[in-house]
Amino acid sequence: MPEDIKSMYENELKDALAAMGEPSYRAAQIYQWLHSGVKSFDEMTNIPKRLREKLVNKYYISSAAIEKKLISAYDNTKKYLFSFYDGETAESVLMSYHHGYTSCISTQAGCRMGCTFCATGKSGFSRNLTPSEMIAQLQTEQLDNGIRISNIVLMGMGEPLDNFDNVVRFLHLVSSEHGMNIGMRHISLSTCGIVPKIYELADMKFQLTLSVSLHAPNNRIRSRTMPVNRRYDMDQLLKACRYYIQQTNRRISFEYAMIDGVNDSDNDARELASRLKGMLCHVNLIPVNSVGGTGYKKSKKDRMKSFISILEKSGITATVRRTLGSDINASCGQLRRSAAKEEQAE
Ligand code: SAH
Ligand code: SF4
């Protein structure tokens, strides 16, 4: 089985080339080609043919092929279903903001966390994505649109901290000077709350933005909608978040999907406010996206207003997240799920 060359660090590539008797400047050249998005070694025009032939025998260049693409009529948000070398698929969403392009990419094909409101959670888990497959999602979007992506959010399919080593490697690669050079401050990572990994990430002191999917004010509600809470409860989670803030000095963003009658009462808001009091944080309220079969409905507008005002009165900043691409079900998991259904129906 050939090796995944685009997941290698530049210094690893240097060592591998040295072992093949090649000078180290070749590693820099090849690394830059890989991260500029070439799909074959033949495109590396400044690399001699004999070396390209050696590389083809030893390595493969991973790519993300477009299986499906939906474009929002409202705001030009684009949603992709990508397939990888083994036919596995994952979704990504490209959004255009005034400050540039943001891509929301997947870190796993599926997810094993099983949150009850989430389309990805419902479709099960296939496998982890490699660092190069995370990069390939960005590269295909750049090529397909003739643009440069400036911001990345790890909020597509999958739980990034359940694929920790690959995600950390991706973060190093994508922010490297000879790679896509997207700084950590332009990257957000969203987690459902795998506590030990939050500590590990905190100790790495990356300057990325950590988003924590909270979605509930207490263990009773959270354990019902997010099975991960039965393993790591809210006290453990918020303790880890405080440690993260202390280590990185970065504000945490808490995601809270408002579900009608489940987690959106005034009491829920007060309980949430008291738990988050004094933390360097921000709460992002999102009207839940109704996913078939869950029975969950979006909270009413006046509920959201009331919820937000209670949080703000307690000194916690909160916003309602702008939803882009609402006509194409831009939140992840839904396209892959419907594609799988189509296949079953054939
Ligand atoms: N696994 C990570 C990141 C991927 S999910 C996590 O859970 O944080 C990205 C975000 O979408 C998370 O905040 C998740 O809770 C949220 N989400 C999932 N399903 C949703 C739905 N039906 N409506 C609104 N948000 C949803
Ligand atoms: Fe996985 Fe995140 Fe969906 Fe939960 S919300 S099932 S952790 S992708």
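This is a predicted model: local features need pLDDT of at least 70, side-chain atom pairs count only at pLDDT 80 or more; totals for chains, interfaces and linings use all residues.
View 1. Axes are lines fitted to C-alpha atoms, for helices over the stretch in contact, and angles run from 0 to 180 degrees between N-to-C directions. Helices are DSSP runs (H or I, at least four residues) numbered from the N terminus. Pro131, Met134, Ile135 and Leu138 of α5 meet Asn166, Val167, Arg169, Phe170, Leu173 and Val174 of α6, where contact means heavy atoms within 4.5 Å. This contact has 8 nonpolar, 1 polar and 1 charged residues (Ala, Val, Leu, Ile, Met, Phe, Trp, Tyr, Cys and Pro count as nonpolar, Asp, Glu, Lys and Arg as charged, and the others, Gly among them, as polar).

**View 2. Helix α1 meets helix α2.** The axes of α1 (residues 10-19) and α2 (residues 25-36) come within 9 Å and cross at roughly 130 degrees, which makes α1 oblique to α2. On the α1 side the contact uses Glu10, Leu13, Lys14 and Leu17, and on the α2 side Arg26, Ala27, Ala28, Ile30, Tyr31 and Leu34. These residues comprise 7 nonpolar, no polar and 3 charged.

**View 3. Ligand 1 is surrounded by 17 residues.** The closest are Phe117, Ser190, Ser213, His215 and Asn289; a residue is near a molecule if one of its heavy atoms lies within 4 Å of it. A polar side-chain atom of Ser190 is 2.6 Å from an oxygen atom of the ligand. A nitrogen atom of ligand 1 lies 2.9 Å from a backbone N or O atom of Gly158, and a nitrogen atom of ligand 1 is 3.2 Å from a side-chain N or O atom of Glu159.

View 4. The shell is formed by Cys111, Met113, Gly114, Cys115, Cys118, Gly121, Gly158, Glu159 and Cys192.Notes. Residues are numbered from 1 along each chain as its sequence is written, and chains are lettered from A and ligands numbered from 1 in the order in which they are written. Local features need pLDDT of at least 70, side-chain atom pairs count only at pLDDT 80 or more, and totals for chains, interfaces and linings use all residues, while side-chain values use heavy atoms, with hydrogens and water left out.

Notes
Helices (H or I, at least four residues) and strands (E, at least two) are DSSP runs, numbered from the N terminus. Angles under 35 degrees count as roughly parallel, over 145 as roughly antiparallel, 65 to 115 as roughly perpendicular and the rest as oblique. A polar contact is a pair of N or O atoms within 3.5 Å; within protein, one must be able to donate a hydrogen and the other to accept it, and residues adjacent in sequence count only if both atoms are side-chain atoms.
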